[in-house]
Amino acid sequence: MSRPVPNPGILDIAPYTPGKSPTPEPGRKVFKLSANETPFGPSPKAIEAFKSAATHLEDYPEGTSRILREAIGRTYGLDPDRIVCGAGSDEILNLLAHTFLSQGDEAISTAHGFLVYPIATMGCGARNVVAAETEYRTDVDAILAAVTQRTKLVWLANPNNPTGTYIPFDEVKRLRAGLPSHVVLVLDAAYADYVSRNDYEFGIELVATTENTVVTHTFSKIHGLAALRVGWMFGPAHIVDAVNRIRGPFNVSTPAMLAAVAAIEDTAHQQMSKTHTETWRNWLTEEIGKLGLKVTPSVTNFILIHFPSDKGRTAAEADAFLTRRGLVLRALANYKLPNALRMTIGTEEANRLVVDALSEFMGPK
């Protein structure tokens, strides 16, 4: 008996695997450090805004996310008409793929780039081209060398997940200048709020001055609204118009919009989270390094920890060891990093417990 056949490329996609969500056990405290969630939760103002929508759940959302686009515009000095909101930045990445990619096209991502990129690319029947990285950092020359006549999109997470690294804005501009004019450069700035480097820029300036660059962002990280799925894109008017033609009319719920507006306006909550992250990221990098483990320098709310391949000290064994102690990190075999674990910066208690557990794990066997 015949049955429907998915489009070419669909069954070649490796499904996205999220960070482990452990099942709590009575009397056992578990710290989930696998999904880059903020340990502080959302702003209390965002929670109140979310609750305020509960009395009108029968109403459809305003279809263009107007109040949220205007709040984002006020925050960053942007034209709200050039902003698109979505159910997380993941939806926007997929909308961009459907707008610009089709069978036979190509899109470029980096060796350890976010796994949604190849999923979005291959879901449109296009080919995912992987550019090598250098020391877990984006290599602009490798991306430019991978460009062909079929290249339509370049995905660039800056900072990158899961490595935590970034490239300076001058390198981003060099990349844009080296790409053909028909190639859309997608700057995924999901972790931009955590960066405090003088040579880093969000990418808004490049979007404002070119016709082929967009920047995406999310409310899932420093704003703590991962459960609500809210993201946005700033782009040239012609790209925004094209994306809006295939965007669902009610893709961001009213509670999500109201909470996101309150979150982006609560700058004190954001600064508190950023300060905590910087303090403990530096502490973790130093303390874990003292144990003989390499930590890739990070500018995000997570660190990448590398383990030796010696039996008894591997990343897989460390993952199991930590999990038994209620410390859940992210294994990265699906990112082609089988000898590494990614750790979200958690509370002081969680951070100290991880270092203590790793010290025990790396001690005499």
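Close-up 1. In β10, Gly 231 is the bridge partner of Thr 218. This is a predicted model, so please read every view below as a prediction. β9 and β10 run antiparallel to each other and are joined by four bridges. For readers who like to think in terms of backbone interactions, strands of a sheet pair through backbone hydrogen bonds, either parallel or antiparallel.

**Close-up 2. The other neighbour of β9, strand β8.** Here the pairing is parallel: β8 (residues 184-188) meets β9 over four bridges. To find your place in this view, look for Leu 187, which stands opposite Val 215 of β9.

**Close-up 3. How well covered is β9?** Six of the six residues of β9 are buried, which makes the strand mostly covered. The cover extends to both faces. On one side sit Thr 213, Val 215 and His 217, and on the other sit Val 214, Thr 216 and Thr 218, all of them buried.

**Close-up 4. The seven-stranded sheet around β9.** The strands follow the order β2-β10-β9-β8-β7-β3-β4 in an open sheet with mixed pairing. At the edges are β2 (83-86) and β4 (127-131), each of which pairs on one side only. On average, and ignoring direction, neighbouring strands of this sheet are turned by 20° against each other. Helix α2 (residues 66-76) packs on the sheet, where α2 touches β2, β9 and β10, and its direction makes about 125° with that of β2. Helix α3 (residues 88-100) lies across β2, β7 (151-157), β8, β9 and β10, and runs at about 155° to β9.

**Close-up 5. The β3 and β4 pair.** Strand β3 (residues 106-110) runs parallel to β4, and five bridges join the two.

**Close-up 6. Lys 221, a position with an annotation.** The UniProt record, an unreviewed entry, places the feature "modified residue: N6-(pyridoxal phosphate)lysine" at Lys 221. Where does Lys 221 sit? Its place is in the loop between β9 (213-218) and β10 (231-234). Is Lys 221 buried or exposed? Its relative accessible area is 14%, and because burial here means under 20%, Lys 221 counts as buried. Leaving out neighbours within four places in sequence, Lys 221 is in contact with Ala 35, Asn 36, Thr 38, Ala 190, Tyr 191 and Tyr 194. With Tyr 191 there is also a polar contact, side chain to side chain, at 3.3 Å.

**Close-up 7. His 269 in helix α10.** His 269 belongs to helix α10 (residues 267-289). With 12% relative accessibility, His 269 counts as buried. Its side chain reaches the backbone oxygen of Gly 41 at 3.0 Å. Setting aside residues within four places in sequence, the contacts of His 269 are Phe 40, Gly 41, Pro 42, Ser 43 and Pro 44.

Close-up 8. For β14, the pairing with strand β15 (residues 340-344) is antiparallel and spans two bridges. Within this pair, Arg 330 has Arg 342 of β15 as its bridge partner.

**Close-up 9. Glu 360 in helix α12.** Glu 360 is found in helix α12 (residues 348-362). At 48% relative accessibility, Glu 360 is partly exposed. Not counting residues up to four places away in sequence, Glu 360 touches Phe 321 and Arg 325. Along the chain, Glu 360 and Phe 321 are 39 residues apart, while their C-alpha atoms are 9.7 Å apart in space.

Close-up 10. An unreviewed UniProt entry places the feature "domain: Aminotransferase class I/classII large" at residues 29-358. The end C-alpha atoms of this span lie 18 Å apart, and residues 29-358 are 39% helix and 18% strand.

How values were computed. Residues are numbered from 1 along each chain as its sequence is written. This is a predicted model: local features need pLDDT of at least 70, side-chain atom pairs count only at pLDDT 80 or more; totals for chains, interfaces and linings use all residues. Side-chain values use heavy atoms; hydrogens and water are left out. UniProt positions are given in the numbering used here, feature names are shortened, and annotations may be inferred rather than shown by experiment. Buried means under 20% relative accessible area, exposed over 50%, partly exposed in between (1.4 Å probe, protein chains only). Contact means heavy atoms within 4.5 Å. A polar contact is a pair of N or O atoms within 3.5 Å; within protein, one must be able to donate a hydrogen and the other to accept it, and residues adjacent in sequence count only if both atoms are side-chain atoms. Two strands pair if DSSP finds at least two bridges between them. Axes are lines fitted to C-alpha atoms, for helices over the stretch in contact, and angles run from 0 to 180 degrees between N-to-C directions.
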